[in-house]
Amino acid sequence: MTTIKALCPKCGEVELTPDDIELRVCTYSPASYYLFECPLCHETIQKPADDRVVQLLISGGVNATVWELPAEMRETHEGPPISLDDVLDFHLLLAQPDWFSQLTRVVSGH
Ligand SMILES: [Zn+2]
């Protein structure tokens, strides 16, 4: 059985088997990611998967699921494109218990 080394933010390097890892390859490749449950602390860890990581995981025997960004992504919008920083900010925002009301404040500009 292939062993895949992954990094848990709490426990450091952990050893996983291909079955422990879920790879979600997005048709928009920067949004691809993989997730696994840390065998030590049982946290679910989610990490971005660039092309190299995707190749590595697939060649290690991990099953990839392909997903598409919602159709809204193809609509034309005003304003600057979403950067990786925005995505990270959003990710951090979602970790807040009151993320929805914070988001409504941001969107309505108050
Ligand atoms: Zn851990």
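Please keep in mind throughout that the model is a predicted one.

Let me begin with the aromatic rings. A pair of aromatic rings is described by the distance of the centres and the angle of the planes. The count here comes to 3 aromatic pairs, and I will go through two of them, including the pair of Tyr-33 and Trp-67, which is edge-to-face, with 6.0 Å centre to centre and 65° between the planes. Tyr-33 belongs to strand β4, residues 33-37, and Trp-67 to strand β6, residues 64-67, so this pair ties together parts that are 34 residues apart in sequence. As for accessibility, Tyr-33 counts as buried because its relative accessibility, 18%, falls under the 20% limit, whereas Trp-67, at 27% relative accessibility, counts as partly exposed. Another of the pairs joins Tyr-34 and Phe-36, and this one is stacked, with 6.2 Å centre to centre and 20° between the planes. Both partners are buried, Tyr-34 with a relative accessible area of 12% and Phe-36 with a relative accessible area of 1%.

In soluble globular proteins, nonpolar side chains tend to be buried together. If we take Leu-23 and leave aside its neighbours within four places in sequence, its contacts include Tyr-33, Tyr-34, Val-54, Leu-57 and Ile-58, and among them are also Val-62, Asn-63, Ala-64 and Thr-65.

Which residues does Ser-32 touch, not counting residues up to four places away in sequence? Ser-32 sits in the loop between β3 and β4 and is buried, with a relative accessible area of 3%; the residues it touches on that basis are Arg-24, Val-25, Cys-26, Pro-48, Ala-49 and Val-54. Pro-48, for its part, is found in strand β5, residues 44-48, and counts as exposed at 65% relative accessibility. Leaving aside neighbours within four places in sequence, Pro-48 is in contact with Ser-32, Tyr-33 and Tyr-34. Between Pro-48 and Trp-99, by contrast, there are 51 residues in sequence and 22 Å in space, C-alpha to C-alpha.

On the α2 side we find Phe-90, Leu-93 and Leu-94, which meet Trp-99, Gln-102 and Leu-103 in α3.

Finally, a word on Lys-10, which is found in the loop between β1 and β2. Is Lys-10 buried or exposed? Its relative accessible area is 60%, and Lys-10 is therefore exposed. Even so, Lys-10 touches Cys-41 and Glu-43, not counting residues up to four places away in sequence. With Glu-43 the separation is 33 residues in sequence and 9.0 Å in space, C-alpha to C-alpha.

Terms used: Residues numbered from 1 in each chain as written. Predicted model: local features only at pLDDT ≥ 70, side-chain atom pairs only at ≥ 80, totals over all residues. Heavy atoms only, no water. Phe/Tyr/Trp six-rings, centres within 6.5 Å; stacked < 30°, edge-to-face > 60°. Helix = DSSP H or I, 4+ residues; strand = E, 2+ residues; numbered from the N terminus. Buried < 20%, exposed > 50% of the residue type's maximum accessible area, 1.4 Å probe, protein only. Contact = heavy atoms within 4.5 Å.
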